[in-house]
Amino acid sequence: MTRIYPSPESEEFHRDIEKLGEIGKRLIELSLSEGFHLKDLIALKDEGDSIAINLTAYAESILSTDSDNPVYFKAMGEAEEATVAYQKAENAFIRAVAERKDEFDDPSLSDYRKYLSDIIAESQHLMSAEEEALAAELSRFGSSAWERLMMNITSSISREGKTLTELRLLASSPDRKIREKAYEDEVALLEEHKTAIAASLNGIKGTVLLLEKRRGWKDSLDRSLFESAIDHQILDSLLTAIVDSLPIFREYFDIKAKLLGLDKLDFFDLFAPVGKSVKEYTYEEAKEIVVASYSSFSQEMGAFAENAFDNAWIDAEPRKGKAGGAYDVFFPIARESRLFCNFDGSYDSVSTLAHELGHAYHDSVVKDLPPSLSSYPMTLAETASIFGEMLVFDNVLSSSSAEDSLPVIEAFVQSAAQVIVDIYSRFLFEKAVFEERKGGEISADRLSALMLEAQEESYGDALGIKHKYMWAVKSHYYSADFSYYNYPYAFGELFALSLYSKRNEKDFPLTYKKVLRNTGMKDAKDVAAIAGEDITDPGFWKKGIDVISGYIERLKEWI
């Protein structure tokens, strides 16, 4: 991280905070003046955005590695204060651009067509300048504070010497007694802290509902679709394909139960390894597999992955104070990514490395573009990550014996089931929460009831004991900036599987790179068209489901 900033207390970090303030003032002045070229205004905005992204990404990243560190907390507060002040300039910029629509046909702005169109749409959902400024300032003590509280609680609480992150990792233990005990400890731990976590969720969703109403959005889903660069027709088509596929996945859950010698799966069995050969990987072995898998498709991708490992871009070890999960983060000034995960030696951990490195490769493809042309939506953000997972999956499967291929295939289907079935339950839950939150705060017990209802609709009878506290451990619910942080994963899974089916076509690596390159410059429909796909066609999504279904059929061979 020292290539990003030497430290959160460094002169470089604080110099960028000052510089962001200066750019914000210049941006406001230029937005209120005449006689400037629109492209110059965009260039200044891009310069400010690069610094703002750098500051917040750095502060959030270091805090996630050590949530109790007071120096990191201070840096987070400083970065937030600077970016909140900068939001005033962003709003002035949006208004200035919207007033100059007559210049949009300038040939020098041809690459900015979508960017400018989105600004016009966004300008129609702004409160007054004073209200937007107040909302930005209050976010530091409101939604952002609630988000930090949730992260701090879930990353620091422990039971019998094990953190919540460590307990969740035990879900993939081959020993059912260990899995069940870890699940029970996790539930008991969350039961102790449910009131504070529920307060966080209520605070964030209440803020979102109030601000989106004031800004004229129909609802939170409408805003999410706009930010995802899709429309209701595309989402409905995707959800229809998901609902139609549920019987296929429920059959998979029944198959897995039989493979584990159970009558029915419980929630703590979902991630259980299947097969006699449960291979564990060292970190060095994981590196070799990912690099070789990436190289089999593109030498450029393989070299990129190797560079990430060799230059210590990856924080992989689980430890106390470190948040759970995994992510990739891009720093636009250094034009480099950093990756965060909790490697435990399982195949799933190897796949996670491939997933996050896919995100990082995507970042590298657009790294020389300014933020206005390189910021891609969540729906398209999962394309490269799922593609990377599939490269590892095929590579490992091709070199596996019949006995060893069972756990590999099952791990792939297991992951797909999470991205389709569990994501659907999360979508249903969040939709219910938004609807119910309109009537007032929701108790922790009611949130648990809503979670169970959503899981029942998604998993059905294929799952016995469910997990009523999934709302308390998924950080995606706790973002005021992006609601419905769920369906984009299903979109990305099926979109990537469709692209992956073309991987052996002549020159497809170049087409693939072109797809990634355009994710910030075109909406999802037009990006898909580059690869010859039509995402408004329900049959498109079924192609991805069919890939997964084929592997479910193969699992029957081992019953």
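1. For the residue classes used below, Ala, Val, Leu, Ile, Met, Phe, Trp, Tyr, Cys and Pro count as nonpolar, Asp, Glu, Lys and Arg as charged, and the others, Gly among them, as polar. The model is predicted, so that local features need pLDDT of at least 70 and side-chain atom pairs count only at pLDDT 80 or more, whereas totals for chains, interfaces and linings use all residues. Residues are numbered from 1 along each chain as its sequence is written, and side-chain values use heavy atoms, with hydrogens and water left out.

2. A search of the whole structure finds three cavities of 30 Å³ or more; on a 1 Å grid over the protein atoms alone, a cavity is a set of points where a 1.4 Å probe fits but cannot get out, a pocket is an open set with protein on both sides within 12 Å along at least five of seven lines, and lining residues have an atom within 4 Å of a point. Grid points are joined across faces, edges and corners, and a volume is the space filled by probe spheres set on the points.

3. The largest cavity has a volume of about 80 Å³, and its lining comprises five nonpolar, two polar and two charged residues. Among the lining residues are Tyr-347, Glu-389, Phe-393 and Phe-412, while α13 (347–365), α16 (383–398) and α17 each supply at least two; helices (H or I, at least four residues) and strands (E, at least two) are DSSP runs, numbered from the N terminus.

4. The second largest pocket has a volume of about 310 Å³, and α8 (176–214), α9 (220–228) and α17 (402–437) are the elements that give two or more residues to its lining. Of the 14 lining residues, Leu-209, Lys-218, Asp-219, Ser-220 and Lys-438 lie nearest the centre of this pocket, and by class the lining has five nonpolar, two polar and seven charged residues.

5. Three strands form an open sheet of mixed pairing in the order β3-β5-β4, where two strands pair if DSSP finds at least two bridges between them. β3 (314–315) and β4 are the edge strands, each pairing on one side only. Four of the five residues of β4 (residues 327–331) are buried, so this strand is largely enclosed by the rest of the structure; buried means under 20% relative accessible area, exposed over 50% and partly exposed in between (1.4 Å probe, protein chains only).

6. Five bridges join β4 to β5 (residues 336–340) in an antiparallel arrangement, with Asp-328 opposite Leu-339 and Phe-330 opposite Ser-337. Four residues separate the strands of this hairpin, in which Arg-335 takes a positive phi near 55°.
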